[in-house]
Amino acid sequence: MIRLLTSLLLVIAAFAVLAFLHSTTPSYAVLTGPLETFGPQRQTVESDAFSLKANKVLRAKTLAFKRYGSPVSLNTQGIFVIVTADAETKHETMPLRAAAIEGASGRLYRQTHRADGAPQLFSDKTLQPGLPASGLFIFEMPEEETADMTLIVSRQPGPQLDAEIHIRLDQNGIETRKIAEIGENGL
């Protein structure tokens with residue numbers, strides 16, 4: 001009888017330990033998620049793969065640029081957010097294809113495809129080691145989401161065990177224009 005009671009207690013204790021381990025173990029997505037690096041605007045934020053410095057943030061209702069030699073003017077019911085940045089890769093040639101802004105509500109807004117073909121977009125560039133590059137990230141989002149923003153940049157969407165830089169954008173330094181004109185040299 002004592003053996004049976006001891007065995008039952010050991011089984012219950014083992015079950016409790018296993019339940020505790022199961023509830024405290026991080027998920028696979030967390031274990032293989034991005035390698036995040038955080039920093040403020042106007043400072044170079046360095047990850048193992050690349051570095052990024054967000055210089056200027058501009059808000060505008062209209063974008064104007066030349067796409068393949070033809071003038072383009074884009075309007076939005078929200079707001080365009082344009083971030084000028086400097087980037088440099090450390091060890092290998094790489095693109096910066098994935099950029100998003102986390103808005104005030106926590107929602108992510110990816111780069112707008114409506115501005116494809118605009119000059120100086122990082123999505124059109126390939127970074128080379130040792131050669132700094134300047135460019136633009138352009139987002140389209142609801143105006144109320146611009147009250148608190150974080151720029152998130154990586155080599156590819158949903159990086160697993162790869163570098164991802166988060167830059168908190170300074171709300172006091174955001175410039176607002178009616179029309180943002182993008183030329184060959186940027187804003």
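R59 counts as buried, at 15% relative accessibility, because the cut-off for that label is under 20%. Even so, R59 forms a salt bridge with E143, and the closest N and O atoms of the two are 3.0 Å apart. The pair ties distant parts of the chain together, with R59 in strand β3 and E143 in the loop between β9 and β10, 84 residues apart. Please keep in mind that this is a predicted model.

**Salt bridges**

- Side chains of opposite charge can pair when their charged atoms come close.
- The model has 10 salt bridges by the rule used here, including the one between R59 and E143.
- Taken together, K56, E175 and R177 are linked in a network of salt bridges.
- How exposed are the members of this network? K56 is partly exposed at 30% relative accessible area, E175 is partly exposed at 31%, and R177 is partly exposed at 27%.

**The five-stranded open sheet**

- If you trace this sheet across the model, you will pass 5 strands in the order β1-β11-β10-β6-β7, with mixed pairing.
- Its edge strands are β1 (35-40) and β7 (108-110), each of which pairs on one side only.
- Neighbouring strands of the sheet are turned by 25° against each other on average, direction ignored.
- Within the sheet, strand β6 (residues 98-102) and strand β10 (residues 150-154) run antiparallel and are joined by 5 bridges.
- Which residue of β10 stands opposite A99? That residue is V153.

**T150 in strand β10**

- T150 has its place in strand β10.
- Is T150 buried or exposed? T150 counts as buried because its relative accessibility is 11%, and the label applies under 20%.
- Leaving aside neighbours within four places in sequence, T150 is in contact with A100, I101, E102, H166, I167, R168 and L169.
- Among these contacts, A100, I101 and E102 fall within β6 (residues 98-102), while H166, I167 and R168 fall within β11 (163-168).

**Strands β4 and β9**

- Strand β9 (residues 133-141) is mostly covered, with 7 of its 9 residues buried.
- Strand β4 (residues 70-89) runs antiparallel to β9, and 9 bridges join the two.
- You can pick out this pairing at F80, whose bridge partner in β9 is E140.

**Positive phi angles in loops**

- Q120 is not a glycine, yet Q120 has a positive phi of about 70°.
- Q120 is found in the loop between β7 and β8 (126-127), and Q120 is partly exposed, with a relative accessible area of 26%.
- L161 is also not a glycine, and L161 has a positive phi of about 50°.
- Where is L161? L161 is found in the loop between β10 and β11 (163-168).
- L161 counts as exposed because its relative accessibility is 53%, and that label starts over 50%.

**A nonpolar surface patch**

- L5, L8, L9 and I12 form a nonpolar patch on the surface, with about 410 Å² of accessible area together.
- One of these residues, L8, lies in helix α1 (residues 2-24).
- L8 counts as partly exposed, at 48% relative accessibility.

Methods. Residues numbered from 1 in each chain as written. Predicted model: local features only at pLDDT ≥ 70, side-chain atom pairs only at ≥ 80, totals over all residues. Heavy atoms only, no water. Pairing = 2+ DSSP bridges. Helix = DSSP H or I, 4+ residues; strand = E, 2+ residues; numbered from the N terminus. Axes fitted to C-alpha atoms, helices over the stretch in contact; angles between N-to-C directions. Buried < 20%, exposed > 50% of the residue type's maximum accessible area, 1.4 Å probe, protein only. Patch = residues over 30% accessible without salt bridge, like charges linked within 9 Å, V, L, I, M, F, W, Y side chains within 5 Å. Areas by Shrake-Rupley, 256 points an atom, 1.4 Å probe, with all protein chains shown as cover. Salt bridge = Lys/Arg side-chain N within 4 Å of Asp/Glu carboxyl O. Contact = heavy atoms within 4.5 Å.
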